[in-house]
Amino acid sequence: MDSNKRPDSMERITTPALAEAFIAEQVEAIKAQVGDKKVLLALSGGVDSSVVAALLIKAIGKQLTCVHVNHGLLRKGEPEQVVEVFKNQMDANLIYVDAVDRFLDKLAGVDDPETKRKIIGKEFIDVFAEEAGKLEGIEFLAQGTIYPDILESDGVKAHHNVGGLPEDLQFELVEPVKLLYKDEVRVVGKALGLPDNMVYRQPFPGPGLGVRCTGAITRDRLEALRESDAILRDEFAKNGLEGKVWQYFTVVPDYKSTGIKDGKRTFEWPVVIRAVNSIDATSASIEEIPYSLLAVITDRILSEVQGVNRVLYDLSPKPVATIEWE
């Protein structure tokens, strides 16, 4: 039987009881596969890799080494949350790599979206491979492959390490959630005790904020993007939209316009708000945000975020627009 094919008889994991049964089954399967050997995992902080990390910690504890690469393109507070949850709360063997300068230096002056993606992907692989090379006795590589990845990519998983595995890293794969759909992974993550804002994390592109800081990325515009995105997420959470809207974020384009602050002319960036609903990302409709909430978000962004003098609301569905700007 094809180990990458979900059995027709497999019950969907929709309840805590079913999640607990799945966890118990996978803990035994992981122990049987790994034995007393060591496992390496690239831990992005996303739903899939976080659930795999929590499963492996439950099964093999310190035999797992997690590597979290901070490339400077994560949302506000995300690297800190990975450290807090996995190192401080779960006592994981976690290696935190501050590669912010390395990534942003490589991206300086690069404005082509596809070139940016390739740089981010290659650099991630290089950093991960360097960290793996420092470790001894690693025989397995864990990945957060889920069933849609197998269906969409013919078994080739390239999401969590962006560009695929380095060819010289010859590890056996450990993929405990590869037969699950995303909603099932979330149920399992909840049962494993992961925080809600990690379990129900909205979709986030592999290149991170690199595709929302359009054009050539600069550190100051990236910071404006990170801060405005944090404000949007905070206000959605306060007003009951968190979990009800499929994906919401801000974009800071590489373009400036005139404005007035403190009686003086400014020449600063706009912040674009994007909020969409979708089932499978092949199409998306616009979420109607109450005007009163838009006014609050706008006021906060204009008063709290440096270098910004306009807030725009993207009303474009997919198609014709894509969900992301790049």
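Mentor: Let us begin with one side chain: at 27% relative accessibility, Tyr181 counts as partly exposed, where buried means under 20% relative accessible area, exposed over 50%, and partly exposed in between (1.4 Å probe, protein chains only). This is a predicted model, in which local features need pLDDT of at least 70, side-chain atom pairs count only at pLDDT 80 or more, and totals for chains, interfaces and linings use all residues. Residues are numbered from 1 along each chain as its sequence is written, and side-chain values use heavy atoms, with hydrogens and water left out.

Trainee: And Tyr147, buried or exposed?

Mentor: Tyr147 is buried, with a relative accessible area of 7%.

Trainee: How many aromatic pairs are there?

Mentor: The count is 2 aromatic pairs. Rings of Phe, Tyr and Trp (its six-membered ring) pair if their centres lie within 6.5 Å; planes under 30 degrees apart count as stacked, over 60 as edge-to-face and the rest as tilted. The pair of Tyr147 and Tyr181 is edge-to-face because the ring centres are 5.6 Å apart and the planes stand at 90 degrees.

Trainee: Which parts does the pair of Tyr147 and Tyr181 tie together?

Mentor: Tyr147 lies in helix H6 (residues 147-153) and Tyr181 in the loop between S5 and helix H7 (182-191), so the pair ties together parts that are 34 residues apart in sequence. Helices (H or I, at least four residues) and strands (E, at least two) are DSSP runs, numbered from the N terminus.

Trainee: What is Arg6 in contact with?

Mentor: Leaving aside neighbours within four places in sequence, Arg6 is in contact (heavy atoms within 4.5 Å) with residues including Tyr147, Tyr181 and Glu184. Arg6 is found in the segment before helix H1 (16-34) and is buried, with a relative accessible area of 9%. The side chains of Arg6 and Glu184 are joined by a polar contact of 2.7 Å. A polar contact is a pair of N or O atoms within 3.5 Å; within protein, one must be able to donate a hydrogen and the other to accept it, and residues adjacent in sequence count only if both atoms are side-chain atoms.

Trainee: Where is Thr145?

Mentor: Thr145 is in the loop between S4 and H6, and at 3% relative accessibility it counts as buried. Its side chain makes a polar contact of 2.6 Å with the side chain of Glu175.

Trainee: Changing topic, what order do the strands of the open sheet have?

Mentor: The open sheet of 5 strands has the order S3-S2-S1-S4-S5, with parallel pairing. Its edge strands, S3 (93-98) and S5 (172-174), each pair on one side only. Two strands pair if DSSP finds at least two bridges between them. Strand S1 (residues 38-42) and strand S2 (residues 64-70) pair over 4 bridges, and the bridge partner of Ala42 in S2 is Val67.

Trainee: Which strands does helix H2 lie across?

Mentor: Helix H2 (residues 47-60) lies across S1, S2, strand S4 (138-142) and S5, running at about 160 degrees to S1. Axes are lines fitted to C-alpha atoms, for helices over the stretch in contact, and angles run from 0 to 180 degrees between N-to-C directions.

Trainee: In what sense do S7 and S8 pair?

Mentor: Strand S7 (residues 257-261) and strand S8 (residues 264-277) pair in the antiparallel sense over 5 bridges. In their hairpin, which has 2 residues between the strands, Asp262 takes a positive phi near 55 degrees.
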